[in-house]
Amino acid sequence: MTDAIAVLDFGSQYAQLIARRVRESNVYSELFPCDAPEQQVMSINPKGIIMSGGPGSVFQPGARQIPAYVLQSGLPILGICYGMQALVHALGGTVSASPEGEYGITSLEVVKATTFLPASQQQVLMSHGDTIEELPPGFTNLARTGKSPIAAMGDPHRNYYGLLFHPEVRHTQGGAEILRRFAIDICGAKAEWTPESIINQSVESIHQQVGARRALAAVSGGVDSSVAAALVHRAIGDQLVAVFVDTGLLRKHEGLQVTQAFKEYLGLELIAVDARQEFMDALRGIIDPEEKRKIIGERFIRIFEAQARQLGLPEFLVQGTIYPDVVESRASDRSKSDRIKTHHNVGGLPDQMQFELVEPLRYLFKDEVRVVGEALGLPPDLVWRQPFPGPGLAVRCLGEITPERLTCLRAADEILTSELRAAGLLNIIPKERLTTATATAQAFAVLLPVQSVGVMGDQRTYEEVIALRAVTTEDFMTADWARLPHDLLARIANRIVNEVGGVNRVVYDITAKPPATIEWE
């Protein structure tokens, strides 16, 4: 087992980013709820513990506190935001409500340089309403801001540290380096978390779970399900059969592309199931996005169960679930944060299934999945293709799903992606091979259940609206809207209203994640 850092989630929407930033230093990090049993957290033999931010105030009745075993472990500890306040509160310092909260980007001044926090003035992200009035015995003030006299603290004898700002977000300059210093320099963790080690550990885990039994792989043609299938195939070979379900919710020509890619590159036995009518019937009249996801999740499982019966009842179902799916669905085993949306392959699964799930990517981020895919020998055009949600166009066709509206959406999406591809702005290959540094990480069209008045051919129209969404991101947990050239946006909009029937208006989504998610539903 590689060296690891445990991250305790006190309810922060960014807790998973802490783990991600630590992994950027090639040190494995795993996220646990703050109230997880000691045995579960310590099972990874952590070299150190990081405590995340969270809502509320540490001095309020019923507030989440540091588990006793954390302070008894003798391990290095880093508290971030609420985690720092919890450390202060537990060790005899004073935390109180601030008369004025501190939110957004601010300037941090280091007042005492250390190995952990070198001397410099830098921009950091603050998001807190409480303040540290008095440090616990043994701690030294390391940094301050205009509103927070104590913005970082350290006790080098016990290797306890605290940051009132958030080093895990990209808005904080040098934040990843601070986490690297804690993991490697303070905790002494070895940088052994590499694609090769991920593959080796995954193969071993799959062997232990599946043994000599058979499994089905649920594949969509996307990078996640493809890499999951390739990993399991590496582990159990011909015991695996891949099943591709055409739901009728795919992008233009995607069904054909998927079947060709799997036969050509993976060498897996692939069974294609045409379930378009079945999904259309199940989704008829459904407009609530959570209900859509749950219907799709259940239909998937039932179809795979039917295939399993025909194949002699394989006991396992392989899914391409990745870490953002788990976090946003608030899977109970790893998160204390609020549910953002139910992913069809996590919270959308039915309670009763004939399968045991195999999810080798469950705690990997998207960029980790891609590098693992490359290490497995998958082709770049498969590994670096545009992400596509498991429920497909169901969560991009807002409102009622009909064949006519899906046809409209597919056409608009094809225009957007073809224009971005022609402009060298569609991220389907690694960044170092792109012709421009401003390529989008994900781009798609959304059909809105909104009609607006227009004029076409001197006549009044009253038709639907297409929203365009294009983002730049490294980890898909946070994202910014892509600053596409105006003339490109104008050309895309002009083509859509002229070539796509039933649409007379195009809008561009300029909302970051957060506060929005990348997908609209």
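Colleague: What should I know before we start?

Modeller: Residues are numbered from 1 along each chain as its sequence is written, and side-chain values use heavy atoms, with hydrogens and water left out. Since the model is predicted, local features need pLDDT of at least 70 and side-chain atom pairs count only at pLDDT 80 or more, while totals for chains, interfaces and linings use all residues.

Colleague: Why is C81 called buried?

Modeller: Buried means under 20% relative accessible area, exposed over 50%, and partly exposed in between (1.4 Å probe, protein chains only). C81 has 3% relative accessibility, so it counts as buried. C81 sits in the loop between β4 and α4 (82-90); helices (H or I, at least four residues) and strands (E, at least two) are DSSP runs, numbered from the N terminus. Its phi is near 55°, a positive value in a residue other than glycine.

Colleague: And what makes N26 partly exposed?

Modeller: N26 comes out at 32% relative accessibility, so partly exposed is the label. You'll find N26 in the loop between α1 and β2, again with a positive phi in a residue other than glycine, near 65°.

Colleague: How do you know that β1 and β2 pair?

Modeller: Two strands pair if DSSP finds at least two bridges between them. Strand β1 (residues 4-9) and β2 are joined by 6 bridges and run parallel, with A6 opposite E30 in β2. On strand β3 (residues 46-51), which is parallel to β1 over 5 bridges, I49 stands opposite A6.

Colleague: What makes β2 an edge strand?

Modeller: The open sheet has 9 strands with mixed pairing, in the order β2-β1-β3-β4-β9-β8-β7-β5-β6. β2 and β6 (121-134) are its edge strands, as each pairs on one side only.

Colleague: So how covered is β2 (residues 28-33)?

Modeller: Mostly covered: 6 of its 6 residues are buried.

Colleague: Which β-α-β unit is β2 part of, and what does its handedness mean?

Modeller: β1, helix α1 (residues 15-24) and β2 make a right-handed one. Right-handed means that, with the strands pointing away from the viewer, the path from the first strand over the helix to the second runs clockwise.
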